[in-house]
Amino acid sequence: MTIFSKIIAGEIPSYKCAEDEKHYAFLDINPVAKGHTLVVPKREVDYLFDLTDEELAALTVFAKRVAAAIKTAYPCRKVGMAVLGLEVNHAHIHLIPLQSEGDMDFRKDKLQLPAEEMQAIADNIHKAFCQ
Ligand code: AMP
């Protein structure tokens, strides 16, 4: 079971932003920008491009809804989308609110935000997602 499956199952805590029957979205614990969110399929698949065409399309459409919620909660120029998957072997999409190109730089020092602020960010995105 991957760490993300444990998060989806509620065995490990997460800052939940959105959920539907087949997908889950939560804040990245080491954000490159405020509102950095991970979108994952509930089905455990390592490599994003090993998802079926239907699963990949559905995940992308779910990510589109989450990106709209992020943009509502945290006005930004655009929400960037990235796929790495080098650390966690459970397919996921990074969604990152962008003010500048540097906000997408995964090599820079990550933000360290207090738990209360992480919870508030997740709650704001979740509220926007549910509207
Ligand atoms: P990558 O697999 O290279 O796309 O990176 C995995 C991402 O998952 C990193 O940005 C981590 O900060 C993030 N991550 C790892 N464990 C957790 C967790 N328990 N909760 C939230 N994010 C996590």
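Predicted model: local features only at pLDDT ≥ 70, side-chain atom pairs only at ≥ 80, totals over all residues.
Two strands count as a pair if DSSP finds at least two bridges between them. One place to look is Ala-18, which stands opposite Ala-25 in E2.

Now step back to take in the sheet. It is an open sheet formed by five strands, and reading across it gives the order E1-E2-E3-E5-E4, with antiparallel pairing. Strand E1 (16–19) and strand E4 (78–82) stand at the edges; each has a single partner strand, so one side of each is left without a neighbour in the sheet. From one strand to the next, the twist averages 20 degrees.

What joins E3 to strand E2 (residues 23–27)? Five bridges do, and the two strands run antiparallel. To find one of these pairings, look for His-23, whose bridge partner in E3 is Pro-41. E3 is also joined to strand E5 (residues 93–98), here by three bridges and again in antiparallel fashion. Along this pairing, Leu-38 stands opposite His-94 in E5.

His-94 deserves a stop of its own. This residue has its place in strand E5. Why is His-94 called buried? Its relative accessible area is 8%, and buried means under 20%, so His-94 falls within that class. The side chain of His-94 also makes a polar contact with the side chain of His-36, at 2.8 Å. Setting aside residues up to four places away in sequence, His-94 touches Asp-28, His-36, Thr-37, Leu-38, Gly-80, Met-81, Ala-82, Leu-84 and Phe-106.

Helix H2 lies across E1, E2, E3, E4 and E5, and runs at about 155 degrees to E3. Helix H3 lies across E1, E2 and E3, and runs at about 25 degrees to E1.

These helices also meet one another. Two packed helices are described by the angle between their axes and the distance between the axes. For H2 (residues 53–73) and H3 (residues 115–130), the angle is about 120 degrees and the axes are 8 Å apart. H2 passes H3 in a right-handed crossing. Which residues of H2 and H3 meet here? From H2 come Phe-62, Arg-65, Val-66, Ala-69, Ile-70, Thr-72 and Ala-73, and from H3 come Asn-124, Ile-125, Ala-128 and Phe-129. Sorted by kind, the residues of this contact are eight nonpolar, two polar and one charged.

Our last stop is helix H1 (residues 3–8), where we find Ser-5. Is Ser-5 buried or exposed? Ser-5 has a relative accessible area of 9%, so it is buried. Leaving aside neighbours within four places in sequence, Ser-5 is in contact with Glu-44 and His-90. To place Ser-5 relative to Cys-17, follow the chain for 12 residues: the C-alpha atoms of the two are separated by 16 Å.

Notes:
Residues numbered from 1 in each chain as written. Heavy atoms only, no water. Helix = DSSP H or I, 4+ residues; strand = E, 2+ residues; numbered from the N terminus. Axes fitted to C-alpha atoms, helices over the stretch in contact; angles between N-to-C directions. Left-handed = near helix turned anticlockwise from the far one by under 90°. Contact = heavy atoms within 4.5 Å. Nonpolar A, V, L, I, M, F, W, Y, C, P; charged D, E, K, R; others polar. Buried < 20%, exposed > 50% of the residue type's maximum accessible area, 1.4 Å probe, protein only. Polar contact = N/O pair within 3.5 Å; in protein donor to acceptor, adjacent residues only side chain to side chain.
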